Amino acid sequence: MINETDLEAFGYWQEQWKSKPLDMKSYQSEAQKTAIYGVNHAVIYPALGLAGEAGEVANKVKKMLRDGDFDRNAVAAELGDCMWYIAALSRDLNISMAEIAMSNLEKLMKRKANGTIKGSGDNR
Ligand SMILES: [Mg+2]
């Protein structure tokens, strides 16, 4: 798990990112510099990694039920790991994270306008 200390040690935690929001394009660009898997593992490697990290998020939340305490920072760190795999997977698909985010917001806004936020199915 990569945390803030690791980022500082590797020089990824830049001063400019502390003083202003980090945009998706910059995040994806910086994250790409740490992607070391081979091109023959494109798509499958980050897809499996994303599934694994999503499981780690769920496991941290599960421990809230078991132990009665909630480690917010640990969940946030796992969400960051998810973001890394999303950045890598979207890069492999040649789609920017910003495009994916905008497309997702558009879908949600249409659902809201159509009164189909509740319910199930991809094509609501
Ligand atoms: Mg993790």
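How many of the 18 residues of helix 6 are buried? The count is 1, and helix 6 is hardly covered. A residue counts as buried when 20 or more other C-beta atoms lie within 10 Å of its own, as exposed when 12 or fewer do, and as partly exposed in between, with C-beta atoms placed from the backbone.

The model is predicted: local features need pLDDT of at least 70, side-chain atom pairs count only at pLDDT 80 or more, and totals for chains, interfaces and linings use all residues. Residues are numbered from 1 along each chain as its sequence is written.

The chain holds 6 helices and 0 strands. Its elements run α-α-α-α-α-α from the N terminus. Helices (H or I, at least four residues) and strands (E, at least two) are DSSP runs, numbered from the N terminus. Of the 124 residues, 9% count as buried. Two residues are in contact if their C-beta atoms, placed from the backbone, lie within 7 Å. Among contacts between residues at least 6 apart in sequence, 65% join residues at least 24 apart.

Helix 6 covers residues 97–114. Gly115 follows helix 6 and has a positive phi, near 70°.

Helix 3 (residues 24–32) packs on helix 6 at an angle of about 140°, with the axes 8 Å apart. Helix 3 is therefore oblique to helix 6. Axes are lines fitted to C-alpha atoms, for helices over the stretch in contact, and angles run from 0 to 180 degrees between N-to-C directions. Angles under 35 degrees count as roughly parallel, over 145 as roughly antiparallel, 65 to 115 as roughly perpendicular and the rest as oblique. Met24, Lys25 and Gln28 of helix 3 meet Met97, Ala98 and Ala101 of helix 6. By class, this contact has 4 nonpolar, 1 polar and 1 charged residues. Ala, Val, Leu, Ile, Met, Phe, Trp, Tyr, Cys and Pro count as nonpolar, Asp, Glu, Lys and Arg as charged, and the others, Gly among them, as polar.

The axes of helix 3 and helix 5 come within 9 Å and cross at roughly 85°. Helix 3 is thus roughly perpendicular to helix 5. Tyr27, Gln28, Ala31 and Gln32 of helix 3 contact Trp84, Ala87, Ala88 and Arg91 of helix 5. This contact has 5 nonpolar, 2 polar and 1 charged residues.

The largest nonpolar core has 7 residues: Trp84, Tyr85, Ile86, Ala87, Ala88, Leu89 and Met97. Such a core is a set of buried Ala, Val, Leu, Ile, Met, Phe, Trp, Tyr and Cys residues joined through C-beta atoms within 7 Å. Helix 5 (residues 72–92) gives the most to this core, with 6 residues. Leaving aside neighbours within four places in sequence, Ala88 is in contact with Ala31, Ala35 and Pro46.

Two loop residues have a positive phi without being glycine. Val43, at about 70°, lies in the loop between helix 3 and helix 4. Val43 is exposed, with 12 C-beta neighbours inside 10 Å. Asn94, at about 60°, lies in the loop between helix 5 and helix 6. Asn94 is also exposed, with 7 C-beta neighbours inside 10 Å.
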